[in-house]
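User: Could you take a close look at the ligand site for me, and at how the parts of the protein around it are put together? I'd like one connected walk-through with the cut-offs spelled out.

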Amino acid sequence: MAKILCVLYPDPQAGYPPTYARDGIPTIVRYANGQSAPMPSGPLGFKPGELVGCVSGALGLRAYLEKLGHELIVTSDKEGPDSTFEQHLPEAEVVISQPFWPAYLTAERIAKARRLKLAITAGIGSDHVDLEAAARAHFTVAEVTGSNSVSVAEHAVMLILALVRNYLPAHGIAACGVWNIADCVARSYDVEGMHFGTIGAGRIGMAVLRRLAPFGLHLHYTDPHRLSAQIEKELNLTFHSDAESLVRSVDIIDLHMPLYPSTEHFFDDAMFAKMKRGAYLVNTARGKLIERDAVVRALTSGHLAGYAGDVWFPQPAPADHPWRTMPFNGMTPHISGSTLSAQARYAAGTLEILESYFGGTPIREEYLIIDGGRLAGTGAESYKLT
Ligand code: NAD
């Protein structure tokens with residue numbers, strides 16, 4: 001029987017919620033690109049809309065795994081050699097982790113994980129796994145592609161509006177009992193007529209473009225895979241063959257490409273210098289796409305008008321991480337892809353992947369990142385190992 005090691009974020013500080021703000025969530029059966037939402041054959045071990053992404057929620061997997069006689073370890077203790085994660089890693093056949101609270105599977109840890117056959121990302125974005133080392137070690141890396149794409153796209157649109165309209169400072173002014181309208185509006189603009197560009201136009205980038213189209217922005221994108229002429233025409237998109245060209249052209253830049261070695265620190269001082277003065281940068285992709293202190297310098301100098309996002313490095317971010325306090329930021333912890341709506345889909349997708357693995361049937365192609373010692377499925381389309 002297998003040991004399944006599952007790393008999830010800690011429970012709410014007030015304890016696991018007995019009730020919720022709403023009684024349920026809409027059922028989504030298909031995504032915009034036609035892909036079906038997760039369809040495990042067995043029953044879900046939770047009611048959609050429940051908090052399953054934290055330790056007590058256990059992604060609703062306990063009953064399914066224990067019925068098969070497997071051992072499920074669920075922990076949030078993931079850092080250092082004495083952590084629960086490292087103690088169980090050598091015996092684990094399956095590791096499950098979420099990008100929000102990533103169990104970093106470094107090359108050193110992979111060398112200790114002698115029995116590891118499958119690493120599942122309950123969500124999207126498997127950069128917390130050293131993919132080259134995973135390919136060498138010949139275990140499968142799979143994620144629940146599509147499960148939280150719209151969750152993140154909605155969040156990115158919210159951040160764009162929040163930054164450009166100066167929403168967060170204005171809310172702060174209302175909350176502290178005063179009425180300083182001029183202080184609220186002195187940095188507030190309409191997005192209408194601005195130029196917007198996404199770097200990466202896959203599932204999330206496309207969903208953002210579609211959601212922004214009615215706002216009357218000029219829409220730009222760059223991606224190694226050019227979209228169809230039909231989509232470009234429908235959304236009136238301007239394609240840029242490289243990121244530098246896009247960065248020079250737009251007022252709002254939004255990142256939706258994966259993190260891999262050659263996209264690490266994609267935004268450094270040189271890239272910030274190419275941006276228009278007063279541009280905004282939104283990043284719900286990965287913290288390491290940005291050089292940490294370069295963004296602080298760009299905001300402090302006034303070259304960048306605002307930065308918002310939910311992704312950091314490392315995660316959790318230390319209390320003194322400069323992005324918590326830098327000027328004109330709209331940062332949150334990593335939450336955009338972990339709404340209760342998203343949790344229901346990525347927990348169901350994790351169950352679907354486990355059913356395939358233990359049932360000896362193929363894992364859906366679009367869920368694969370590494371398989372058979374190489375990039376596969378969505379991994380082959382979207383990632384590079386260098
Ligand atoms: P996707 O695979 O559908 O799309 C990624 C796109 O990026 C692809 O079209 C790919 O061709 C493009 N790309 C790759 N390298 C690029 C480069 N150098 N420049 C420009 N484009 C490039 O993935 P997705 O579902 O849209 O997710 C994108 C990323 O968002 C994930 O890799 C993950 O890191 C992040 N994400 C974050 C959250 C969150 O909660 N904040 C949740 C889900 C995903």
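Analyst: The ligand lies between domain 1 (3–148 + 338–377) and domain 2 (149–324), because both of them give residues to the shell around it. Those domain bounds come from an automatic or database domain assignment. Before going further, keep in mind that this is a predicted model, where local features need pLDDT of at least 70, side-chain atom pairs count only at pLDDT 80 or more, and totals for chains, interfaces and linings use all residues. Residues are numbered from 1 along each chain as its sequence is written, and side-chain values use heavy atoms, with hydrogens and water left out.

Now the shell itself. There are 30 residues around the ligand, where being near means having a heavy atom within 4 Å of it. Ile204, Asp223, Tyr260, Thr284 and Ser382 come nearest. By class, the shell has twelve nonpolar, 14 polar and four charged residues; here Ala, Val, Leu, Ile, Met, Phe, Trp, Tyr, Cys and Pro count as nonpolar, Asp, Glu, Lys and Arg as charged, and the others, Gly among them, as polar. Helix 8 (203–212) and helix 14 (377–382) each supply at least two shell residues. Helices here are DSSP runs of H or I with at least four residues, strands are E runs of at least two, and both are numbered from the N terminus.

On to the polar contacts, meaning pairs of N or O atoms within 3.5 Å; within protein, one must be able to donate a hydrogen and the other to accept it, and residues adjacent in sequence count only if both atoms are side-chain atoms. Ser382 puts a polar side-chain atom 2.6 Å from a ligand oxygen. Thr284 uses its backbone instead, with a polar atom 2.8 Å from a ligand nitrogen. The side chain of His334 has an N or O atom 2.9 Å from an oxygen of the ligand. Taken alone, the ligand exposes 860 Å², and the protein buries 93% of that (Shrake-Rupley areas with a 1.4 Å probe; for residues, only the protein chains shown count as cover).

What about the two domains themselves? The C-alpha centres of domain 1 and domain 2 lie 28 Å apart. Their contact (heavy atoms within 4.5 Å) takes 20 residues from domain 1 and eleven from domain 2. About 1100 Å² is buried between the two domains, with carbon and sulfur atoms giving 45% of it; buried area is the accessible area (1.4 Å probe) that two parts lose on being put together, summed over both. On the domain 1 side, Tyr104, Asp127 and Asn148 lose the most area to domain 2, together 44% of what that side buries.
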